[in-house]
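Colleague: I would like to learn how to read a protein model. Can we go through it feature by feature?

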Amino acid sequence: TVELEGGRWYRIDLPPEPDGAPAILALHGGGGNPDQFARNSGLSAPANARGYAVIYPAGSGRTRLLTWNAGYCCAFAQASGVDDMAFLDTVLADAADRFGLDAKRVYVTGMSNGSMMAERYAAGRAGQIKAVAGVAGTKDPSFPVTGSVPYLHVHGTADRMVPFTGGKGEKSFVQVPFASVAEDAAAFRQGWRGPLTEVHGQGAAPDGTKVVLRDWRLPDGRPAVRVVALEGLDHAWPGGRAGRVPGPDVNAMILDFFDANP
């Protein structure tokens, strides 16, 4: 754990060779914290094995129930107008300086409110982010995508916190009309110049969860924008808690996407 000036902090899990390693910012959900997200997602072990450092910054709040100011959500951070864009800039600069990470190879992911913040950060720092992967949380549409950033979004079609089709979630702690996944993906497509080819596919996770894929691909075949819809899945990090959460292994999905955008 690294304590920063002002009382905020981050957790970092390093690969065997941290010098020059790429970094993944991994943002916890609303009401979570870095240790909780590291434990529940299980992201660090597979990411470290592939050579990534994983940085888990802490949101803000009066307890360990922390949130991010992602614009239209959430709680303390949003109500207090916390500048989390600047905070994430500080975290990345500190980690690169302290641990020798490659400041030019930065990826960002997150869950729920953390996904909203990850996508906001990628939208505003498009020239500095190699790729973004959001899970179960869509970006506030008032923040434009400022450039071309590879985008992966994974979302359950039965999400009752942040509905797949947008609007207010019946189980949400905040009564905010969230952006739909389709609107979210369209915003990131607009950051790309030139035509993208749309490709559809589907399959099933080992537990039987139906997986529906929509890609918008570049001329070389790489997906610029990818949406993975998980039929019948609620608000979750798929395959999390050591495989006890239904759905495919989202960690492998995210790391494969990041590997394809070095």
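Colleague: Are Tyr72 and Phe178 buried or exposed?

Modeller: Buried means under 20% relative accessible area, exposed over 50%, and partly exposed in between, with a 1.4 Å probe and protein chains only. Tyr72 is buried, and Phe178 is buried too. A word on the source: this is a predicted model, where local features need pLDDT of at least 70 and side-chain atom pairs count only at pLDDT 80 or more, while totals for chains, interfaces and linings use all residues. Residues are numbered from 1 along each chain as its sequence is written, and side-chain values use heavy atoms, with hydrogens and water left out.

Colleague: How many aromatic pairs are there?

Modeller: Rings of Phe, Tyr and Trp (its six-membered ring) pair if their centres lie within 6.5 Å; planes under 30 degrees apart count as stacked, over 60 as edge-to-face and the rest as tilted. The count here is seven aromatic pairs. In one of them, Phe37 and Trp237 sit edge-to-face, 5.2 Å centre to centre with 90° between the planes. Phe37 belongs to helix α1 (residues 34-41), and Trp237 to the loop between β10 and α7 (240-243), 200 residues apart. Helices (H or I, at least four residues) and strands (E, at least two) are DSSP runs, numbered from the N terminus. Both Phe37 and Trp237 are buried. Ring pairs also join Phe37, Tyr56 and Trp237 into a cluster.

Colleague: Which cysteines form a disulfide?

Modeller: A disulfide is a covalent bond between the sulfur atoms of two cysteines. The rule used is a pair of cysteine sulfur atoms within 2.5 Å. The structure holds one disulfide. Cys73 and Cys74 form it, with their sulfur atoms 1.3 Å apart.

Colleague: Why is the disulfide of Cys73 and Cys74 right-handed?

Modeller: The torsion about its S-S bond is about 70°, so the disulfide is right-handed. Cys73 counts as buried because its relative accessibility is 2%. Cys74 is buried, with a relative accessible area of 11%.
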